[in-house]
Amino acid sequence: MEPIRVGLVADPASPTALARRMTDLVPPDGADAAGWDIEVVSEPFTLGSEDVDVALARLRAHADRNGWDLVIGVTELPLRDVGGRYLLAAIDTQHHAAVLSLPALGGFRVRARARNAVRGLVSGMSEPTSPEEQRLPLPGLSARGRVLLGMVIANRPWLLATGLKSALVAALATGAVATIEPTVWLLAASLSGWRLGAATIASIAIVIGWIVIDGELWDHPDDDSPEARERSRLYNTSTLLTLTIGVVICYAALYTVNLAWALFVLDPAVMGDSLGTSAEYGDLFVLTWFVASAATLGGALGTGLASDEAIRAAAYSKREEERRTRLAEERA
């Protein structure tokens, strides 16, 4: 008995990396199968604005060209049915094709969940119990939140620092100089806790807003339909959350480095003499807090970011543009 030939068509980047770890999948215990021969192809096969049936049709065409018995598309896009429900997967059992939405798996244990989902899809299509097309909707009212969390994790916000490296270096240099300025000591000492907190929030918000504008990351609906507006809201929310997490991580790193620098070069007694009051090591934490906010704003606004791929990868809208371009080239 020959093994079943399975094709995995995955979106580029993280979906492809995930799919390539599934080439060792085997049938569940007790399944009547000789084994699975899994092949991975990395390319976009659908757009966020297209119906899921269009994605299934493209996957069937892939299967015909490559001689696969089964084909599964692995996408980073959220999928919805005609009723607006978010889908985990859509299955065409008659033509042995399915599409799996990674964001629908949520933000945790995605690799294990994806492996289990693909194994279940292959097993189900190997011995279909129904010739009807099937849709697997996400249950409950939390479906949108689960999809949104999955989209943010797919953006890998912790890697955003690579795109902000030039801004981070500029901010570190700014902070190093500002930390030893008596005028900055005076300003920091004059600010209350709520003002320092407001400065932190304002600096992070301004940097995020500037990145969105400078990188042209804001998504606009293709038309005035409710589906298009919902898709844009989801894309933009995931972009803002991704950037917020990334910038906060950079802010924390900047604060930590500046604090170490302040503790190394500054003596509270010297600060106290300059300010005309007593100073303690706790004042260095306050000084670093103020410097981190000012340096974050000055460093980011003084550095160009729009051309950095790590920044552009934080937005689903930019990856959607790449999908459109590649699919158009394939049709041509």
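This is a predicted model: local features need pLDDT of at least 70, side-chain atom pairs count only at pLDDT 80 or more; totals for chains, interfaces and linings use all residues.
Select arginine 144 and glutamate 230, whose side chains meet in a salt bridge at 2.8 Å, N to O; the term is used here for a side-chain nitrogen of Lys or Arg within 4 Å of a carboxyl oxygen of Asp or Glu. The pair links distant parts of the chain, with arginine 144 in helix H4 and glutamate 230 in helix H9, 86 residues apart. Arginine 144 counts as partly exposed at 30% relative accessibility, whereas glutamate 230, at 11%, counts as buried; buried means under 20% relative accessible area, exposed over 50%, and partly exposed in between, with a 1.4 Å probe and protein chains only.

Residues are numbered from 1 along each chain as its sequence is written, and side-chain values use heavy atoms, with hydrogens and water left out.

Next, show the whole of H4 (residues 143–154) and H9 (residues 226–265), whose axes come within 9 Å and cross at roughly 50°. Helices (H or I, at least four residues) and strands (E, at least two) are DSSP runs, numbered from the N terminus, and axes are lines fitted to C-alpha atoms, for helices over the stretch in contact, with angles running from 0 to 180 degrees between N-to-C directions. H4 and H9 are therefore oblique to each other, given that angles under 35 degrees count as roughly parallel, over 145 as roughly antiparallel, 65 to 115 as roughly perpendicular and the rest as oblique. To see what meets across this crossing, select Arg144, Val147, Leu148, Met151 and Val152 in H4, and then their counterparts in H9, among them Glu230, Arg233, Leu234 and Leu241; contact means heavy atoms within 4.5 Å.

Now turn to helix H7 (residues 182–190) and helix H10 (residues 268–275), whose axes come within 10 Å and cross at roughly 85°, and which are therefore roughly perpendicular to each other. Here Pro182, Trp185, Leu186 and Ala189 in H7 meet Val270, Met271, Ser274 and Leu275 in H10.

Return to the charged pairs, of which a search of the whole structure finds 8 that form salt bridges. Select aspartate 53 and arginine 135, where the closest N and O atoms are 2.6 Å apart; aspartate 53 lies in helix H2 (residues 52–66) and arginine 135 in strand E7 (residues 133–137), 82 residues apart. Aspartate 53 is partly exposed, with a relative accessible area of 36%, and arginine 135 is partly exposed as well, at 24%.

Then select arginine 115 and aspartate 24, another salt bridge, with the closest N and O atoms 3.1 Å apart. Arginine 115 has a relative accessible area of 21% and aspartate 24 one of 48%.

For the last stop, select threonine 296 in helix H11 (residues 281–301). Is threonine 296 buried or exposed? Threonine 296 is buried, with a relative accessible area of 10%, and, leaving aside its neighbours within four places in sequence, is in contact with Ala171, Val207, Tyr251 and Leu254.
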